Amino acid sequence: MSSDTMKTPRRKPQQLRGELRMAAMLDAAGAVFAESGFDAATMTAIAERSGSSIGALYQYFPNKLTLARALREQYGEEMALRWSGLIAEAAQLGVSALADRIFDLMIGFFDERPAYFTLLNATLGYQRSADARQRLRAQFGAALREKRPEMPVEEAQRTATVALQIVKGLNPLYAQATAAERRELVAEFKLALTAYLRSRLHR
């Protein structure tokens, strides 16, 4: 793929109809990526699934990589919104309930967005911004300090970082597991997160 193609800016929707069309294209891309994988998916199949012409698809997304990156960015924003809502309630939840809610959030997202793992494992050159990752850690750290107000900020940030890494560790295992194995894996990760948070918060 040439560098000129990679640099071609995609068209941005100017009105509601354009936004809806682009959303339909992204949804179609998610379905095709989930069914076929990133490498085997084609722009033609995505255009057909979205009910758009191939020319219209290329107007918004000049190539498959641009489309995949846009979808990956959308998933990141959706996940961030879900986390923000949960973190806002974290101080009122017990540790076990918090661990349950965190993994329930993750599993719900995986089920709704089956292309997530496909894009996570594809070479897209996409990386979520450091600011977004730090914002999530800061929000989670603040929620932990509400549970244990005497916890120093640095410790809360470190605890949040480790806790989020535990959660992230589920991703590759979950992607490869059978349905029955997934239930067992989630239960084990809930135990691990609950034990870790209790050790840091109940002191």
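**Entry 1: α5 and α8.** I looked up how α5 (64-90) and helix α8 (residues 130-147) pack in this predicted model, and I found an angle of about 15° with the axes 8 Å apart. Angles under 35 degrees count as roughly parallel, so I noted α5 as roughly parallel to α8. I also wrote down that the crossing of α5 and α8 is left-handed.

I then listed the residues that meet: W83, S84, I87 and A90 come from α5, while L136, Q139, F140, A143 and K147 come from α8. Sorting these by class, I have six nonpolar, two polar and one charged residues in the contact of α5 with α8.

**Entry 2: α2.** I made the same kind of check on helix α2 (residues 16-36), where 21 residues at 1.5 Å each should span 30 Å, and the end C-alpha atoms are 30 Å apart, which agrees. Here I recorded G18, M22, M25, L26, A28, A29, G30, V32 and F33 as buried, and I saw that the buried residues of α2 pack against α3 (43-50), α4 (54-60), α5 and α7 (115-121). Last, I looked at what comes after α2 and found G37, which has a positive phi, near 90°.

Definitions and conventions. Residues numbered from 1 in each chain as written. Predicted model: local features only at pLDDT ≥ 70, side-chain atom pairs only at ≥ 80, totals over all residues. Heavy atoms only, no water. Helix = DSSP H or I, 4+ residues; strand = E, 2+ residues; numbered from the N terminus. Expected span 1.5 Å × (residues − 1). Buried < 20%, exposed > 50% of the residue type's maximum accessible area, 1.4 Å probe, protein only. Contact = heavy atoms within 4.5 Å. Axes fitted to C-alpha atoms, helices over the stretch in contact; angles between N-to-C directions. Parallel < 35°, antiparallel > 145°, perpendicular 65-115°, else oblique. Left-handed = near helix turned anticlockwise from the far one by under 90°. Nonpolar A, V, L, I, M, F, W, Y, C, P; charged D, E, K, R; others polar.
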